[in-house]
Protein chains: 2
Amino acid sequence: MAQLRIALAQVNSAVGDLDGNADKIVDWVRRAADADAHLVAFPEMMLTGYPVEDLALRASFVEASRRALVRLARRLADEGLGDLPVVTGYLDRRPVELVRPGQPAGAPLDGAAWLHGGEVLVRSAKHHLPNYGVFDEYRIFVRGDRLPVVRVHGVDVATVVCEDLWQDGGPVSVTGVSGAGLLLAVNASPYERDKDDVRLDLCARRAREAGCALAYVNLVGGQDELVFDGDSVVVGADGTPLARAPRFVEHLLITDLALPAAGAEPPRGPVDALDGTTITIDRHVVSPDPLPAYPVAPQTVAEPLDDLAEVYAALVLGTRDYVRKNGFRSVVLGLSGGIDSALVATIASDAIGPENVHAILLPSRHSSEGSVVDAEDLVKRQGVNSRIVPIAGMVEAFEEQLELTGLAAENLQARIRANVWMGLSNEHGHLVLTGGNKSELATGYSTLYGDSAGGFAPIKDVFKLTVWELARWRNAQTGSDLPFLHPFAEEPIPEAIIEKEPSAELRPGQRDSDSLPPYDELDPLLTDYVERDMGRESLITAGHAPALVDRVIRLVDIAEYKRRQYPPGPKITPKNFGRDRRLPITNLWREQS
Amino acid sequence: MAQLRIALAQVNSAVGDLDGNADKIVDWVRRAADADAHLVAFPEMMLTGYPVEDLALRASFVEASRRALVRLARRLADEGLGDLPVVTGYLDRRPVELVRPGQPAGAPLDGAAWLHGGEVLVRSAKHHLPNYGVFDEYRIFVRGDRLPVVRVHGVDVATVVCEDLWQDGGPVSVTGVSGAGLLLAVNASPYERDKDDVRLDLCARRAREAGCALAYVNLVGGQDELVFDGDSVVVGADGTPLARAPRFVEHLLITDLALPAAGAEPPRGPVDALDGTTITIDRHVVSPDPLPAYPVAPQTVAEPLDDLAEVYAALVLGTRDYVRKNGFRSVVLGLSGGIDSALVATIASDAIGPENVHAILLPSRHSSEGSVVDAEDLVKRQGVNSRIVPIAGMVEAFEEQLELTGLAAENLQARIRANVWMGLSNEHGHLVLTGGNKSELATGYSTLYGDSAGGFAPIKDVFKLTVWELARWRNAQTGSDLPFLHPFAEEPIPEAIIEKEPSAELRPGQRDSDSLPPYDELDPLLTDYVERDMGRESLITAGHAPALVDRVIRLVDIAEYKRRQYPPGPKITPKNFGRDRRLPITNLWREQS
């Protein structure tokens, strides 16, 4: 056996920020060197950020990534870090572009490179391209067909990229015949609830398939609608977890491994990848011989987070990175005295500090006195900035010109409120946060260009029952030292806000239950219909009451298509008469020099 | 040689309207039978509409399409139309679903079927899946691997689907060795400027490759952001155009062809498709022997439309179908007295009739007197409904509570106007049309939740210079009998509106040229940057002035990312922490029974 100390750099990159990401790599390589690591690995597409969406199709962006990689290798050597092998993700392209109909322009690759001695030692690229759920990678990448196997201190280390682990055959299968002693996977795997268990099981299974230990380094941070939770992990050849990084924070996971030393004459060249393709093994040697025995460092095995802590951490990280990576430092939001805006204010305080949160109280003639009192109580508890802007006069000015009734009159109030916070956003440069939860959005219980107007909706992925759970959970953490929470002196959310019956307060005596089924029936049904994509018959078979199924399907379908019929306002299309460009929202790369 | 009279049914399907689309098929089969056709063909995904986006991943929708196909075959026979072979697109799935990681759930197929004698004679599916530009088909379909060759009156007819023509190898290549006498392609190919020439060249080339005549039937109609222009065509084996349908209208293109009679022992079974796959030829016989000679019918070869006529027709059709397929009958729009809203009002009048258009004049303290007069002149010329709603009182009510300056104050006015038309939309059920053109949208010269708020933006794909060209072109058509124009008695757009210098009129003396480069420099640069995706260096090499390039790139990038940072309001995600579902906007299918 040979010893190897690996460092997995679970860090937060930003899409488009090639210089900033390179700086971060140098910084964390130095930390790894200081920890006497023998190999340091960064996440998928580290140098460009992930996901780059259609930026991959712009030649100037691909070339910028390729140049940045070469510069980075040289800079690491210049700064005395050239001896430590570095594996990092970046954006590349096929050397000779074959223009084939239907292939992504420029043949971009989701690349991984080994850097050593001031040079790019070897380049490879993701073989299995995910094209489902949140991924559209057939659109922007072509498939890689090489497996690098690099000898470091006498251990052969193979590298693969993210989806290569999730699909059968391909690089993992070839790793199994390559004789590698360690499989290193660089990832940008987004957070979903309970995904940590799925990932660990997958790593264990692939380690057994490849017949060697597996080191998994994942991105951490928010990007647009996605949150990456880290959860980097190392498992032995039998699948046993050996080390695991804490989630939702940057972390350098150092692990000492005892691995089989490389054999005398391992296979090289093209190998059947058992997925209908062949993959070429690309062998390099950084340091041929095992090290003399050395004492191992203590291993980190992070405590798992409970379910609500994990969700809350994801909301805080997603909000913080959306605000900061988009160049904002402060947020503005309407604070109604209800549970949704109260939770959003609390998440915002945790994410960027209460001093950067501006809460606007916008009472109308239908607002209850309790609402204003409760909102003011929250302001006092959290120390956020606040301002009261009564809207009655504005509503009257519209009523002088227009005769609006029913829903149209209710919507008007919501839109006037949106005008106020958008005006304050334009005047003072705050990002607008909106308060809609997933139950409300799914059923269309909100006003277009009204309460739904804004830049980021922190709880849009959270059903209403979970909103209450999270509020209680957050109050219970008062005094906790969890790293993603602001140290409030008292419970940040007034109990009265959690206890009150939910109401939009857009007409006298209005209650959510006038328009929606009870949330304890609605939310499980929405989960099955929206998240599991079950049809009507399947929903009824699963035990939901047929009348409720029909009512909720109707609400969701109408809301879904209304929301689509009224997009944000028109988008510009890259072609005449086409669809919107697929570009990341948060992106620090500029075409402009 | 054998004679065959084919009928290409260039019709307008609606996504999700399985019953309505089936009714349309029966109707047009009857018309083809009345014209003594021997074979009738409908567009790609005719039965479900196109594109169905992620609806393909819902099992209940796929099953609904499969059942509808079988019912349709039976119904055609019941109505005395069973003897006429029908080829139509529909949504299917692989018979045995192999659950493979990364494969679309349920293994959906972009199917084409032959119906005859009350039965589904043969099923096949699109082999080449487009996954670029407006297409995401790797996400929702698996590849077909069969080529049906059906003998009709002694002629072997092969059928392929849309993208199968656009990529090398695959079904067209196999058609070449199949001995087929006719290649029939069913399509849903969206409109782009000048695409008619590209399509005709493609059909000619593929006919020569396949060594037989080629019949191309395309969808017509608007669906979400796409417009399908029809342009169905038949070319001979040497690529010569023989018949061509008029564009942007439904049409039954009847063509008499003299085709080689089928040989004695043609190949069958798996064939190398020259694209790394094999395709199985699936042979069937409807009627083995050639017909006795009969006199041919006259052929239609539609006159081509000039460039502006083609664009204008696309705008009218896109607007009409967006309104109607989304269940609206009327529209509301702000009429400022400027060129953009004037053109939008005219397109709306052409699309759904001036009696269904509601123009709202919303003068502020910064509106010039000329603006109101010009808008009223347009109202009179076109006979649209109109109403004046002055906004000064509403602006003052906001000013009493808020201190907004500069852009924030300008945006407030635009948002108050949006509140008015959204209120009228909610109260009266009109769809809101917005007036933004592509130059303005690309550079961010509009207000979020203000002038950009609405359901459909008819001229969002049109640069400002083209807006003026289209206005002049439309005025010049007064008295024309083009089918997509309303018969106005006089020029619909007042000359004063076309002549005036463009201004948003949000502050005293404001002009577009205060904020934007001259449109004759801006528009060509936007075309290269936005539509051709050229980088900074390439733009300068192409002859654009470097200072202008930097200024415009900055405007576009800021606008693009601002627009993304402020989405329509939050979307619901199918997963927790995911992206929006990919579903069509216009969709008549409901999960609910």
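Predicted model: local features only at pLDDT ≥ 70, side-chain atom pairs only at ≥ 80, totals over all residues.
1. Start with the six-stranded sheet in chain A. It is open, with mixed pairing, and its strands come in the order β5-β4-β3-β2-β1-β14. The edges are β5 (119-125) and β14 (251-259) of chain A, each of which pairs on one side only. From one strand to the next, the twist averages 30°.

2. Inside that sheet, have a look at where β2 (residues 39-41) of chain A meets β3 (residues 86-93) of chain A. The two run parallel and are joined by two bridges.

3. Helix α1 (residues 18-34) of chain A lies across β1 (2-10), β2, β3 and β14 of chain A, at about 45° to β14(A). Helix α2 (residues 59-78) of chain A covers another set of strands, β3, β4 (108-116) and β5 of chain A, and runs at about 155° to β3(A).

4. Chain A also has an open sheet of eight strands, again with mixed pairing, in the order β13-β12-β9-β8-β7-β6-β16-β15. At its edges are β13 and β15 of chain A; each has a single partner strand, so one side of each has no neighbour in the sheet. Ignoring direction, neighbouring strands here are turned by 25° against each other on average.

5. Strand β9 (residues 213-218) of chain A pairs antiparallel with β12 (residues 233-235) of chain A over three bridges, and A:Y216 has A:V233 as its bridge partner in β12(A). Strands β15 (residues 269-272) and β16 (residues 278-285) of chain A are also antiparallel, joined by four bridges. There, A:D272 stands opposite A:T278 in β16(A). The hairpin of β15(A) and β16(A) has five residues between the strands, and A:L274 takes a positive phi near 60°.

6. On aromatics, a search of the whole structure turns up 14 pairs over all chains. One of them is A:Y191 with A:F248, an edge-to-face pair at 5.5 Å centre to centre and 70° between the planes. This pair links distant parts of the chain, 57 residues apart: A:Y191 is in the loop between β8 (182-187) and α6 (195-210) of chain A, while A:F248 is in the loop between β13 (241-244) and β14 of chain A.

7. Next, a helix pair in chain A. The axes of α7 (residues 307-325) and α13 (residues 464-476) of chain A come within 10 Å and cross at roughly 95°, so α7(A) and α13(A) are roughly perpendicular to each other. Contact residues include A:Y312 and A:L315 of α7(A) and A:L470 and A:W473 of α13(A). By class, this contact has seven nonpolar, one polar and two charged residues.

8. Finally, chain B. Helices α6 (residues 307-325) and α7 (residues 339-352) of chain B pack at about 70°, with their axes 8 Å apart. That makes α6(B) and α7(B) roughly perpendicular to each other, and the crossing is right-handed. Among the contact residues are B:L315, B:V316 and B:R320 of α6(B) and B:L343, B:I347 and B:D350 of α7(B).

Technical notes:
Residues numbered from 1 in each chain as written. Chains lettered and ligands numbered in written order. Heavy atoms only, no water. Axes fitted to C-alpha atoms, helices over the stretch in contact; angles between N-to-C directions. Parallel < 35°, antiparallel > 145°, perpendicular 65-115°, else oblique. Left-handed = near helix turned anticlockwise from the far one by under 90°. Contact = heavy atoms within 4.5 Å. Pairing = 2+ DSSP bridges. Phe/Tyr/Trp six-rings, centres within 6.5 Å; stacked < 30°, edge-to-face > 60°. Nonpolar A, V, L, I, M, F, W, Y, C, P; charged D, E, K, R; others polar.
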